[in-house]
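Please look over the sequence and the model before reading on.

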Amino acid sequence: MSIVVRDVREHELDSVLALNNAAGPAILPLDAARLRHFFDTAEYFRVAERDGAIAGFLIGVSSHADHDSSNFRWFRERYPDFFYIDRIVVASRRRGGGVGRAFYADAQSYAELRYPQMACEVFLEGSNDPALLFHGSFGFHEVGQHVMDEADVRAAMLMKPLCSFGWVRETYGDALPQVPWITRPRTPVAKHRPTGTAL
């Protein structure tokens, strides 16, 4: 069956959390509060659905986001404007079936209309050559390495220039056409008031 990439829904957060924390050492673990923060604030938080089940997810943020990852800070200290992929997770039974490629195609289609480049990292501990090869096949290249303060893990810091951005910015500025195929940024979830009163 086909792969459908769409925005995550609130009732799916438990499934996303379980998927993240079963991914192994290539992905840092999350707790429910951190995942909820991503749900409330991330510009891009999408799942891939295949055969009616969640096959993976990808979370991305703007370089101007309030994000506390040391890898994100590393990029922000060196580059003024980029779309950062915080994490991509594909269920183990779905790896090699095109889910990762579907995510990256969707994320790039979103980002190239808004940012000059994409950034991400790949952990270098253990044997992670398949992940480096996967990213290299998408046009990412290493721009440095960084040891994460919070996890003591060395990561290859990867960037990909988005060639369409210059033309889009010159032609449309910040006013992209209102057409259905242009993915809109997620609307941050409104904070719930602790009481039933409305002011």
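Helices (H or I, at least four residues) and strands (E, at least two) are DSSP runs, numbered from the N terminus. In this predicted model, the protein chain runs β-α-α-β-β-α-β-α-β-α-β-β-α from the N terminus on. That comes to 6 helices and 7 strands.

Of the 199 residues, 46% are buried. The accessible surface is about 10600 Å², with 54% belonging to carbon and sulfur atoms. Among contacts between residues at least 6 apart in sequence, 67% join residues at least 24 apart.

The largest nonpolar core has 32 residues. Leu35, Phe45, Phe57 and Phe75 have the most contacts inside it. Elements giving two or more residues to this core include helix 3 (70–78), strand 4 (83–90), strand 5 (117–123) and strand 7 (154–161). A second, separate core has 24 residues, among them Tyr110, Tyr115, Cys120 and Leu158. Phe75 touches Cys120 and Leu158, and its other contacts include Tyr84, Ala119 and Met157.

Strand 5 pairs as follows.

| Strand pair | Sense | Bridges |
|---|---|---|
| Strand 4 and strand 5 | parallel | 2 bridges |
| Strand 5 and strand 7 | antiparallel | 7 bridges |

Tyr84 stands opposite Ala119 in strand 5. Phe123 has Ala155 in strand 7 as its bridge partner.

Conventions:
Residues are numbered from 1 along each chain as its sequence is written. This is a predicted model: local features need pLDDT of at least 70, side-chain atom pairs count only at pLDDT 80 or more; totals for chains, interfaces and linings use all residues. Side-chain values use heavy atoms; hydrogens and water are left out. Buried means under 20% relative accessible area, exposed over 50%, partly exposed in between (1.4 Å probe, protein chains only). Contact means heavy atoms within 4.5 Å. Accessible areas come from the Shrake-Rupley method with a 1.4 Å probe; for residues, only the protein chains shown count as cover. A nonpolar core is a set of buried Ala, Val, Leu, Ile, Met, Phe, Trp, Tyr and Cys residues joined through side-chain atoms within 4.5 Å. Two strands pair if DSSP finds at least two bridges between them. Lists of a residue's contacts leave out its neighbours within four places in sequence.
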